[in-house]
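Please read them with the coordinates open beside you.

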Amino acid sequence: MIEMQNKAQTPKNQSTEKKTEKVPNIYEVDDLNLWYGNDQALYEINMDIPQYQVTAIIGPSGCGKSTFLKTLNRMVEMVPIVKTTGAIRYGDQNIYEDKYRVEDLRTKVGMVFQKPNPFPKSVYDNVAYGPRIHGIKDKKTLDQIVEKSLKGAAIWDELKDRLDENAFGLSGGQQQRVCIARALAVEPDVILMDEPTSALDPISTAKVEELIQELKKDYSIVIVTHNMQQAARISDRTAFFLNGELVEYQETDQLFQNPEDKRTEDYITGRFG
Ligand SMILES: Nc1ncnc2c1ncn2[C@@H]1O[C@H](COP(=O)(O)OP(=O)(O)OP(=O)(O)O)[C@@H](O)[C@H]1O
């Protein structure tokens, strides 16, 4: 557990008191190891991820950032040669236990990828996709979900008159916010983001960063980023990975201003990576 200003004890959408309390964790990662075939990509990762905060994962290319992110929704298992040991607790359950239903996890954990990946469908159908899969057919309910999700992704005003247009016709920044709306539409608890702004221009990047700050009131966010300035701007806690190890995990200000590990210092001062 982490001592810091609490934003998490209150239910969603309620104002939060500023007081120092323990922040509950959304995930607790215990001794996680991961191999692709014989190659180990993650080593003994222990990490508590706090609820209703932004947790950034930084580190040089190939250090295991995306792999780690994809362990949090078990998407990493889509690679058949993957093997893991250890545990990731979500709530009171280990999501790597045989009996855990991965479908349950998928409704609670949304994911946004590096390149905007809308479906070749209308804006409306992109956002309504998840709810429809979950059996919602009523048009009025779907209309409400689409509006709420696009508002949540700060793109309703831009798109409310273009809901029938193909999402492929939108700008990259708009596409990415539609993808965020698509993730929000199934009302997840967590949003995993894998370099969500690396394909965007600076203005769209600023919009998505602003949006992330809004979203953390209602969602727990874990974001992989190559961009250290971005991690410093938007995250509450930052984890520095190197060669598959979690070298340092701190409150973001502390990690960037006063890192404990020499390797972290070398990385954030640009000595490698
Ligand atoms: N599908 C896969 N099959 C085999 N090895 C993989 C696979 N995906 C990743 N790896 C290996 O696992 C290690 C970690 O890769 P990962 O993509 O998680 O790193 P990363 O830090 O996200 O890198 P980048 O910043 O370049 O995206 C690398 O050595 C990579 O080659």
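**Notes on the predicted model**

1. What covers the buried residues of α6 includes β8 (109–112), α3 (123–133), α4 (139–152), α5 (156–159), β9 (190–194) and α7 (202–215). In this note a residue is buried if 20 or more other C-beta atoms lie within 10 Å of its own, exposed if 12 or fewer, and partly exposed in between, with C-beta atoms placed from the backbone. Two residues are in contact if their C-beta atoms, again placed from the backbone, lie within 7 Å. Helices (H or I, at least four residues) and strands (E, at least two) are DSSP runs, numbered from the N terminus.

2. On provenance, this is a predicted model, in which local features need pLDDT of at least 70 and side-chain atom pairs count only at pLDDT 80 or more, while totals for chains, interfaces and linings use all residues. Residues are numbered from 1 along each chain as its sequence is written.

3. To return to α6, twelve of its 13 residues are buried, so the helix is largely enclosed by the rest of the structure; the buried residues include Gln174, Arg177, Cys179, Arg182 and Leu184. At 1.5 Å a residue, the 13 residues of α6 (residues 172–184) should span 18 Å, and the end C-alpha atoms are 18 Å apart, which agrees; the expected span is 1.5 Å times one less than the number of residues.

4. As for the chain as a whole, there are ten helices and twelve strands. The radius of gyration is 19 Å, close to the 19 Å that the globule rule gives for 273 residues, so the chain is as compact as a globular protein of that length; the radius is taken over C-alpha atoms, and the rule is 2.2 Å times the number of residues to the power 0.38. Along the principal axes, the C-alpha atoms fill a box of roughly 55 × 40 × 35 Å. Of the 273 residues, 41% count as buried, and among contacts between residues at least 6 apart in sequence, 66% join residues at least 24 apart.

5. Leaving aside residues up to four places away in sequence, Ile221 touches Val54, Ile191, Met193, Ile212, Leu215 and Lys216.

6. Strand β8 is covered on both faces, with Val109 and Met111 buried on one side and Gly110 and Val112 buried on the other. Strands β8 and β9 run parallel and are joined by four bridges, where two strands pair if DSSP finds at least two bridges between them; the bridge partner of Gly110 in β9 is Ile191.

7. Strand β3 (residues 25–36) pairs with β4 (residues 39–50) in the antiparallel sense over eight bridges, and the partner of Trp35 in β4 is Gln40. Their hairpin has two residues between the strands, and Gly37 takes a positive phi near 60 degrees there. Strand β3 is also joined by eight bridges to β6 (residues 82–90), with the two running antiparallel, and Asp30 stands opposite Ala87 in β6.

8. Two backbone angles deserve a look, given that most residues other than glycine have a negative phi. Ala154, in the loop between α4 and α5, has a positive phi near 55 degrees and is partly exposed, with 17 other C-beta atoms within 10 Å. Glu195, in the loop between β9 and α7, has a positive phi near 45 degrees and counts as buried, with 21 C-beta neighbours inside 10 Å.

9. On annotation, UniProt places the feature "domain: ABC transporter" at residues 27–268, in an unreviewed entry; such annotations may be inferred rather than shown by experiment, and the positions are given in the numbering used here, with feature names shortened. The span is 37% helix and 27% strand, and its end C-alpha atoms lie 26 Å apart.
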